[in-house]
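Me: I have a model open and want to go through a few parts of it. Can we start once it is on screen?

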Amino acid sequence: LGHTIHFFDEVDSTQRIAARLAYEGAPEGTLVVAEEQKAGRGRLDRKWFSPKGTGIWMSLILRPAIPPQRAPQLTLLAAVAISQAIQEVTGLVPDIKWPNDILLDGKKCVGILTELQADPDRVHSVIIGIGINVNQTIEQFPEDIRAIATSLAIEKGERVKRAPLIQEILLRLERLYEQYLAHGFRPIKLLWEGYAVSIGKPVTARTLSGVIRGIARGITDDGLLILEDEQHNIHYIHSADIQF
Ligand code: BTN
């Protein structure tokens, strides 16, 4: 992965560029990296703050032979790979908040956005967008996210080099992806659960169809969150915002 890297000083969004490259037939493993994004995109139509030179803003093209329903597994796989890489490079131990936020000290330092080009039965490409706050100081975050955001440098107390981290992420992604293609999601799921903060804890899930409160019991082999509500009903959550 990452044999072909498209590097930009400034883009609207690496997701959009990667999607176009994928549509035009770019091979699996193609990576788009930018110093700055003018219109970085987050999940649920949010903006992703991507200032110049302080973070890692990148999008990776994968072409797994899987049905579209399995694509969320790749988001979880990416979260594990990035957590492993952060741990290896900085010594910090991240937590994963389902499905794909990576936290340090309870605050978000990584976001992952997975987008698909697919038919009903077959994936053409998966674009994994990765945003990592690396060297921001707390004052460099917009005021409205200061209480909930952090960077690797803030947590570590010193600057962190971006290139070795990108390299380590690609290496870990490649290993886990090969494992996934050969053995399915099970081994990835076990690793994911090792990093997950929410398992066994009470959480509130805001879904499109309403709010569910319960205890997070784990994830299914398809990557859905298992929530047990106060009446002991089990809910399987595809997509939601989770609060503790
Ligand atoms: C989230 O909402 O947590 C996901 C954030 C994903 C941000 C990354 S930065 C690189 C890529 N390009 C984008 O526009 N978004 C993703």
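The chat below goes through a strand, some annotated positions and a helix.

Me: What kind of model is this, and how are residues numbered?
Reply: It is a predicted model, in which local features need pLDDT of at least 70 and side-chain atom pairs count only at pLDDT 80 or more, while totals for chains, interfaces and linings use all residues. Residues are numbered from 1 along each chain as its sequence is written.

Me: How many residues of S3 are buried?
Reply: 8 of the 8 residues of S3 are buried, so the strand is largely enclosed by the rest of the structure. Buried means that 20 or more other C-beta atoms (placed from the backbone) lie within 10 Å of the residue's own; exposed means 12 or fewer, and partly exposed is in between. Strands here are DSSP runs of E with at least two residues, helices are runs of H or I with at least four, and both are numbered from the N terminus.

Me: Which residues of S3 sit on which side?
Reply: Gly55, Trp57, Ser59 and Ile61 are on one side, with Ile56, Met58, Leu60 and Leu62 on the other. In a regular strand the side chains alternate between the two faces of the sheet.

Me: What does S3 pair with?
Reply: S3 runs antiparallel to S2, joined by 4 bridges, and antiparallel to S7 (residues 123–133), joined by 8 bridges. Pairing requires at least two DSSP bridges between the strands. Val32 has Ser59 of S3 as its bridge partner, and Met58 stands opposite Ile130 in S7.

Me: New topic. Where does UniProt put the "binding site"?
Reply: The unreviewed UniProt entry places that feature at Gln37, Arg41, Gly42, Arg43 and Lys108. UniProt positions are in the numbering used here, feature names are shortened, and annotations may be inferred rather than shown by experiment.

Me: Is Gln37 buried or exposed?
Reply: Gln37, in strand S2 (residues 31–37), counts as buried because it has 26 C-beta neighbours inside 10 Å. Beyond four places in sequence, Gln37 touches Val11, Asp12, Ser13, Thr14, Ser50 and Trp57; contact means C-beta atoms, placed from the backbone, within 7 Å.

Me: And where is Gly42?
Reply: Gly42 lies in the loop between S2 and S3. Gly42 counts as partly exposed because it has 15 C-beta neighbours inside 10 Å.

Me: Last one, H5. Which residues are buried?
Reply: Ile188, Lys189, Trp192 and Tyr195 are buried in H5 (residues 186–195). Seen down the axis of H5, these fall within an arc of 120°, so they line one face of the helix; the arc is that of the directions from the helix axis to the C-beta atoms. On the other side of H5, Arg186, Leu190 and Gly194 are exposed.

Key
Contact = placed C-beta atoms within 7 Å.
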